[in-house]
Amino acid sequence: MHATRSDTGIIASPPPSRVRMLVPSLVFACLVSAVVSSLGAPLLPAIARLHHVDGSTAQWALTATLLTGAIATPTMGRLGDGPLRRKVVLVTLALIVFGCALAALPVGFELFLAGRVLQGLGLGLTPVAIAAARDALPADKSRSAVALLSITTVTGVGLGYPITGLIAQLGGVHAAYWFGTAVAAVALAVAFFVVPEASVRESKPLDVAGAVLLAVALCALLLGISEGETWGWGSAAVLGLLVVAVVLIAGWIVWELRADHPLVDLRLVRHRSVLTADIAALLAGVGMYLLLSLAVRYVQAPTSTGYGLGASAVVAGLVLVPFSAGSFVATRIAPHLAERTSHRAVLPIAAVVLLGGMLMFSFARGSMWQMLVVMGIEGIGVGLVFAVVPGMLLRAVAVSETASAMGFNQVLRYIGYSIGSAMAGMILQIHTAPGATDPDDGGYTASGLLACGMWIVTLVVTLVLPERRTTRAAVVTERDDELMAEESLADAEGR
């Protein structure tokens, strides 16, 4: 048994060979989960034809996955902070394998949708993986690993769209989901041999009431947002869902602040770095899916519209590859950027990069090469945000709250994804003439300018909100970690 110094102190860790494989294995598992979750969006027309349903019904292949991820992530995050972490990873991957296989079989739309629900559990793996990396790795290595894990959802979507689109074009919808089954099974096998047990921790009671309350609130919120365009934003159903969501979220906040063992420790939001990280995640999620929704639709718009590029679904997926590549490059840029400036400066710089990319989209998107450049710039900007946000959280929260804090941050991303997608659809619908199927070019310009305004707000928030000095609570946490490390080291030497 080896003693390893990490952000948690000195803990019992697996052999060095397994430690070396840990980060690649966790990245692979999170990447596979992100790719599998993206198996809905590019396949929606084919799913509708295969199961003989209309487009709004087929949309549930994407909505159900996002709802499941948002609902399950807080609970998975809390469990990931305790002794059940390894079991959470393995059971989740096993359910993803089963969900992919279920979706791949010719069993009807209802069971297909059940498979998509199970696949959505993979969206909750990232915070658990981040907690595992922080627990098992030395502090200097865990920071880069956490940044890499944080952007897997971004990279996975960009890779998933073209890969699954191509497989579906060659072999049909079933082939795409059999592909998901195979890669998820490989991720499960690797995780079984590599992912270690969590370090010795006190098992805390799960806040079941808080989990149920948040799940119902998120279900109402995301359902109202995702179906707003179909049901009508002024409809009684959508307005009722949004009102219910607001009331339940308010009740959940009161419950969590009074609970002895809350699902999410909302008191952490008092630290400006945590608040900044959560706001940045929400806004980056909005901007990310706003752009992805616009880009995929724009390049596929027929040339008869006067602006569209007339690309196929596969080519539209390939347009997202620079986005994924840019997000990966950002994980390499972020540490150097922080060294040359400061950790506080990375988020404002990312906001400026994102603002520049959306300005280009608003006024210079008429050719494929311009769209590729836009996607690359935006990928770098979003990657910088998601690479630096975990570090802001980890410097402010105790080790025992890692997965829970990251899980809540992840939920805010998913809410942002839904808002961004809904905003794009709503603005384009406003700019679509009665009886027409495609919006006018002004709809894309208006959407781009709205995103520019959002990034200006993000720039102001990230400049004003963060504290310039480490909070007293963070200092206390760091001192506690150092004491834990010294005590654990003495115990290890005694053994």
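**Reading burial, salt bridges and cavities**

Mentor: Let's start with arginine 267, which counts as partly exposed at 32% relative accessibility. On this scale, buried means under 20% relative accessible area, exposed means over 50%, and partly exposed is in between (1.4 Å probe, protein chains only). This is a predicted model, where local features need pLDDT of at least 70, side-chain atom pairs count only at pLDDT 80 or more, and totals for chains, interfaces and linings use all residues. Residues are numbered from 1 along each chain as its sequence is written, and side-chain values use heavy atoms, with hydrogens and water left out.

Trainee: Which side chain does arginine 267 meet in a salt bridge?

Mentor: A salt bridge here is a side-chain nitrogen of Lys or Arg within 4 Å of a carboxyl oxygen of Asp or Glu. Arginine 267 pairs with aspartate 265, at 3.7 Å from N to O.

Trainee: How many salt bridges does the structure hold?

Mentor: There are 5. One of them joins aspartate 135 and arginine 85, 3.1 Å from N to O. That pair links distant parts of the chain, since aspartate 135 belongs to helix α7 (residues 125-136) and arginine 85 to helix α5 (residues 85-104), 50 residues apart. Helices are DSSP runs (H or I, at least four residues), numbered from the N terminus.

Trainee: Are those two partners buried or exposed?

Mentor: Aspartate 135 counts as buried at 2% relative accessibility, and arginine 85 is buried too, with a relative accessible area of 2%. Now try aspartate 441 and arginine 365, whose closest N and O atoms are 2.7 Å apart. Here aspartate 441 is partly exposed at 32%, whereas arginine 365 is buried at 5%.

Trainee: What lines the largest cavity?

Mentor: The lining includes Val264, Asp265, Asp278, Glu401 and Phe408. Helices α14 (272-300) and α19 (402-430) are the elements giving two or more residues, and α19 gives the most, with 3. As for α14, 21 of its 29 residues are buried, so this helix is largely enclosed by the rest of the structure.

How values were computed:
On a 1 Å grid over the protein atoms alone, a cavity is a set of points where a 1.4 Å probe fits but cannot get out, and a pocket is an open set with protein on both sides within 12 Å along at least five of seven lines; lining residues have an atom within 4 Å of a point.
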